[in-house]
Amino acid sequence: MKRKLPAWLLGLACLAPFAAGSTAHAQGYPNRAIKVIVPYSAGGLPDTVARILSKALGDALGQAVYVDNRPGAGGAVAASAILQAPADGYTLLVTDGPMLSITPLLSKKVSYDAGSDFVPVSLVGKAPLFLAVNANVKANTLDELIALAKAKPGSINYGSAGTGSIHHLTAEAMNASLGISMTHVPFKGSANSVPAMIGGQVDLVFASPPSLMGFVKSGQARLLATNSPVRSPLAPQMPALAEKIPGFDFAFTVAVLAKKGTPGDVVTRINAEVDRIVKIPEVIEQLHTAGVDPAGGSPEKLAQALRAEKAAVTNAAARAQLKAE
């Protein structure tokens with residue numbers, strides 16, 4: 001279960017090689033189209049974020065920026081596309097933290113190394129998951145749910161997007177931290193777990209806001225909390241689990257990365273533009289609709305966020321006794 005953390009998640013020393021790059025690299029950058037690879041099919045959260053960024057980034061850089069979906073093999077297909085391209089900033093990766101933290105942890109077949117293959121470029125934001133219960137569950141608040149779980153250990157079932165998913169690990173971390181026991185029922189993606197919660201097959205789920213809000217508005221589900229460290233602007237009335245569990249943070253990272261060896265000045269240029277873009281009111285609104293709390297920040301800030309996410313999911317996976325397969 002134990003795996004050595006990627007070097008760039010353990011520290012920032014890996015940033016030094018590209019920081020020393022000559023500014024000559026960026027003088028003519030970009031002079032042609034830029035490809036943004038997404039390791040998932042069209043329509044998912046990283047794909048939506050990539051399309052939001054590509055339009056604004058293209059306008060800022062004066063070149064076409066287009067999205068190339070490369071789903072499959074836990075991100076290996078996308079990683080292969082990145083690794084086969086030159087390290088020149090014309091091929092970028094927009095992905096979520098689980099591709100870099102959970103997938104390598106639970107799969108022995110991963111063909112990429114987050115530490116040696118990629119460099120952090122920009123932290124787009126964090127994507128919180130909300131704890132939602134079926135309307136028939138006799139808990140209107142987080143405190144009531146905790147009391148119910150403690151009174152009847154194992155009687156509450158929670159659905160997840162699959163064993164080892166961030167949804168599963170969030171719930172297991174909550175179990176361990178609060179000293180409660182809820183029964184895990186894995187599904188194939190939130191597209192199946194959320195309807196199962198609405199239909200009463202499971203009592204609760206952790207899921208992204210876009211997949212829940214319609215059911216909340218119709219009264220078929222209730223939101224009780226978020227897995228982010230602070231309350232989310234997506235639903236500021238909902239408490240963060242961190243209010244009960246100090247330091248609790250399983251909102252996953254949404255990031256821009258590049259191939260290792262990309263010149264530092266090119267990374268700096270892209271980072272500056274992305275950091276500016278995610279602070280534009282129109283873009284903030286679009287990211288909120290997609291379920292992302294915009295952040296921005298330096299490559300160092302992204303490295304720190306991914307390091308924290310890796311540590312959190314590694315601990316949760318160990319508590320859930322998950323092993324690499």
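Visitor: What makes E243 and R231 a salt bridge?

Guide: The model is predicted, so the answer rests on computed positions. The closest N and O atoms of E243 and R231 are 2.8 Å apart. The cut-off is within 4 Å, for a nitrogen of Lys or Arg and a carboxyl oxygen of Asp or Glu. The pair therefore counts as a salt bridge.

Visitor: What does the pair of E243 and R231 tie together?

Guide: Both residues lie in the loop between β9 (221–226) and β10 (252–259). They are 12 residues apart in sequence, so the bridge ties together parts with that separation.

Visitor: Why is E243 called partly exposed?

Guide: Its relative accessible area is 47%. Buried means under 20% and exposed means over 50%, so a value in between is called partly exposed. R231, at 39%, gets that label as well.

Visitor: How many salt bridges does a search of the whole structure find?

Guide: The search finds 11. One of them joins D68 and K35.

Visitor: How do you know that D68 and K35 form a salt bridge?

Guide: Their side chains meet at 3.8 Å, N to O. The limit is within 4 Å, so the pair qualifies. D68 lies in strand β2 (residues 65–69) and K35 in strand β1 (residues 34–38). The bridge therefore ties together parts that are 33 residues apart in sequence.

Visitor: Are D68 and K35 buried or partly exposed?

Guide: D68 has 16% relative accessibility and counts as buried. K35 has 21% and counts as partly exposed. The line between the two labels is 20%, so the residues fall on opposite sides of it.

Visitor: What separates R269 and E273 in their helix?

Guide: They are 4 residues apart in helix α12 (residues 264–277), which is about one helical turn. An α-helix has 3.6 residues a turn, so residues three or four places apart point the same way. R269 and E273 form a salt bridge, with the closest N and O atoms 3.8 Å apart.

Visitor: Are R269 and E273 buried or partly exposed?

Guide: R269 is partly exposed at 28%. E273 is buried at 14%.

Visitor: Which residues are joined into one network?

Guide: K35, D68 and R70 are, through salt bridges that share partners.

Visitor: What makes the chain as compact as a globular protein of its length?

Guide: First, the parts: the protein chain has 14 helices and 11 strands. Its radius of gyration is 20 Å, close to the 20 Å that the globule rule gives for 325 residues, so the chain is as compact as a globular protein of that length. Its C-alpha atoms fill a box of roughly 65 × 40 × 30 Å along the principal axes.

Visitor: What share of the residues is buried?

Guide: Buried residues make up 55% of the 325 residues. L105 is an example, in helix α6 (residues 97–106). Its relative accessible area is 2%. The cut-off is under 20%, so L105 is called buried.

Visitor: Which residues of helix α5 are buried, and what covers them?

Guide: In α5 (residues 76–84), the buried residues include A76, A78, A79, A81 and I82. Their cover includes β1, β3 (91–96), α6, β4 (118–127) and β10.

Visitor: What share of the contacts links residues 24 or more positions apart?

Guide: Such residues account for 78% of the contacts with a separation of 6 or more.

Visitor: Why is A73 called exposed?

Guide: A73 has 58% relative accessibility. A73 sits in the loop between β2 and α5. Its phi is positive, about 55 degrees, although A73 is not a glycine.

Visitor: Where is Q321, and what is its phi?

Guide: Q321 is in the segment after α14 (299–319). Its phi is positive, about 60 degrees, although Q321 is not a glycine. At 67% relative accessibility, Q321 counts as exposed.

Visitor: Which peptide bond is cis, with omega near -10 degrees?

Guide: The bond from Y29 to P30 is. P30 is found in the loop between α3 (24–27) and β1.

How values were computed: Residues numbered from 1 in each chain as written. Predicted model: local features only at pLDDT ≥ 70, side-chain atom pairs only at ≥ 80, totals over all residues. Heavy atoms only, no water. Helix = DSSP H or I, 4+ residues; strand = E, 2+ residues; numbered from the N terminus. Buried < 20%, exposed > 50% of the residue type's maximum accessible area, 1.4 Å probe, protein only. Rg over C-alpha atoms; globule rule 2.2 N^0.38 Å. Contact = heavy atoms within 4.5 Å.
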